[in-house]
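This report describes the structure shown below, beginning with the terms that the description needs. Please keep the structure in view while reading.

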Amino acid sequence: MSDYLVQFNNISKFFGKVIALKDVTMKLRKGEIMCLLGDNGAGKSTLIKTLAGVHKPDEGEIIVEGKKTIFDSPKDALDMGIATVYQDLALVSLMSVTRNFFMGREPMKGPPFFKTFDIKKANKIAAERMGQIGIDVRDPSQAVGTMSGGERQCLAISRAIYFGAKVLVLDEPTSALGVHQASVVLKYIVKAASQGLAVILITHNVHHAYPVGNSFTVLNRGKSLGTYAKKDITREKLLSMMAGGEELNKLEVELQEMNRSSAN
Amino acid sequence: MSTKSKSIENKTDFNQDERLKKVSKLRLLLNRPELGALGGAILVFIFFGIIAGDTGMFSAYGILNFLDVSANLGIIAIAAAMLMIGGEFDLSIGSMIGFAGICIAIPAIYWGWPLWMSIIFAFSMAVLVGYFNGILVVRTGLPSFIVTLAMLFILRGATLALTRLITGRTQVPGLRVLIENDPIAWIFATDTFKWVFTWLGSMNLIALRTDGSPLATGIPPSVIWFIALAILTTWILMKTRYGNWIFASGGDKNGANNVGVPVGRVKISLFIGTAVAATIFATIQVLDAGSADTMRGTLKELEAIAAAVVGGCLLTGGYGSAIGAAFGALIFGTVSMGIFYTDVDTDWFKVFLGAMMLIAVIFNNYIRRKVTESK
């Protein structure tokens, strides 16, 4: 009935008296990148955890590929193809690229009861996958700690895709990165979307979100300020919508006044 | 977080990085956790080869002597290393050795159980103690250091109190006669490869007693257990899914959990591992000595941890090797026996042990920085 891959309709979440989320709606098609923008405390973390199956929404419905579903656990969400890459990336820096890539889902070989971790195959796949995104891992047994922040982010995303993600939820994937590294990660996100994934990109950085996003949802104090297609909104408008906008204007006025009074 | 912010300064292109980083085989080898311990072991052997080469330390009898001591320590050091890689400590290993000892001796001597049943009883108790340690650490989230420190006192106290209550003493002798014809005890009490030593003796290649039998009669059971455990645990760490989970649980508990590693179960099983290893240690020693002593194993937990650290384990978990711990134990065992063959007062052994550990920690710390921040 709809061509949406995933729909989150009127999601609300309460913690006691606190309204963490109220009537947030997001719909994504295949290949679409939706950017979820919001300042600190806007409810981004709660929303991510709701998408990932950590929290159950108190109101609203989640529809995946036309079917109404309830996530009882993060595993449920993962089984439905909704993979969340958290800010900590769930990577162990002392472990090798391969061991990280297959952590918890190791490929096995050998007869029953004597199954061993097929390191050769794992190395090959890990190197291949990283190669596809332009990161040449000469030695997949090198520790993840030796990789740059951008490479790690790409590793975590590529791992989620390899294990069957249809919808990627990315939590601030560029927040700790420099300009160049961020652009590499964003490029990879666009590439992933072009291969048919739906991506929810959570960020407070409009400059990172605007170039890659197809649509933008702005979150403020737990409420959605609406979803806009790229053609309907400018970067500046987005910026000012994120609580920061108004406050920055106010700050500017205040600073001017201070300057004026100190000049006198 | 600090490593993440570091990357901000890193503006080089991925492809460019690639050309910069040519890793030599030597560097790869240096990144192995057990390298320090292997180097240390070689140095120790060279040292005693020069100082005590002509004393008899390296006769068949001498070698078996220090191997036996190393192997005993190695059995618990390997288990301690596995647990440390999994991110936890077990300070109750030494007390568990004493407890396991009386779990074998009291039923066998005072309750008339067959020896094999007592041994199985001791191992069952070990599984219980390990499980209890593990579940307590996993459920409460308290540091294992504290939980197992409490267990150190509880177990040692219980061992002493129960033994005195039941036997009126602190030692339980009289086990030796029970070993013969027991269906299980031989696993912990038989010297192997006797024919090799008989043959070597007949060829006059090794020292003989006055009656013509060789002085060294066979490989002690501890050495066989030690080698078997070292191989088994190394295989588990390198080649199995469970091994990957151990590294993951110790490296980043939350991360591992998020990708579906059953961190709790992994940690509990490792705690059971240390308690069972302590019981293997205890069984071998009790059957060898023919008696159980309530104070047996005192401070052994710290020696085991020291050997694991010298073997390359990080105190923060997620890194280390079982074979490294084996080399660590070999260093300590060799020095503790070798020192008798030199003019040095044996009191200095503990000084060496401490210094060795300090050097290892500094070295490991350096290696870890290399591994995690080499960009």
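## Terms and numbering

Helices (H or I, at least four residues) and strands (E, at least two) are DSSP runs, numbered from the N terminus. This is a predicted model, in which local features need pLDDT of at least 70 and side-chain atom pairs count only at pLDDT 80 or more, while totals for chains, interfaces and linings use all residues. Residues are numbered from 1 along each chain as its sequence is written, and chains are lettered from A and ligands numbered from 1 in the order in which they are written.

## Chain A

Chain A contains nine helices and 12 strands. Its C-alpha atoms fill a box of roughly 80 × 45 × 35 Å along the principal axes. Of its 264 residues, 45% count as buried; a residue is buried if 20 or more other C-beta atoms, placed from the backbone, lie within 10 Å of its own, exposed if 12 or fewer, and partly exposed in between. Two residues are in contact if their C-beta atoms, placed from the backbone, lie within 7 Å. Among contacts in chain A between residues at least 6 apart in sequence, 68% join residues at least 24 apart.

## Two residues with positive phi

Most residues other than glycine have a negative phi. A:Arg221, which is not a glycine, has a positive phi of about 50°. A:Arg221 lies in the loop between strand E11 (215-220) and strand E12 (223-229) of chain A. It counts as partly exposed because 14 other C-beta atoms lie within 10 Å.

A:Leu89 likewise has a positive phi, near 70°. Its place is in the loop between strand E6 (82-85) and helix H3 (97-101) of chain A. A:Leu89 has 23 other C-beta atoms within 10 Å and is therefore buried.

## Chain B

In chain B there are 18 helices and two strands. The C-alpha trace spans about 75 × 50 × 35 Å along its principal axes. The radius of gyration, taken over C-alpha atoms, can be compared with a globule rule of 2.2 Å times the number of residues to the power 0.38. For 375 residues a compact globule would have a value near 21 Å, and the 23 Å of chain B agrees with this.

Of the 375 residues of chain B, 48% count as buried. Of the contacts in chain B with a separation of 6 or more, 78% are between residues 24 or more positions apart.

## Helix packing in chain B

Helix H5 (residues 60-85) of chain B packs against helix H16 (residues 300-310) of chain B at an angle of about 65°, with the axes 8 Å apart. H5(B) is therefore roughly perpendicular to H16(B). Axes are lines fitted to C-alpha atoms, for helices over the stretch in contact, and angles run from 0 to 180 degrees between N-to-C directions. Angles under 35 degrees count as roughly parallel, over 145 as roughly antiparallel, 65 to 115 as roughly perpendicular and the rest as oblique. Residues of the contact include B:Leu73 and B:Ile76 of H5(B) and B:Lys300 and B:Glu303 of H16(B).

Helix H7 (residues 115-140) of chain B and helix H15 (residues 263-289) of chain B pack at an angle of about 145°, with their axes 7 Å apart.

B:Pro143 is located in the loop between H7 and helix H8 (144-167) of chain B. It counts as exposed because it has 12 C-beta neighbours inside 10 Å.
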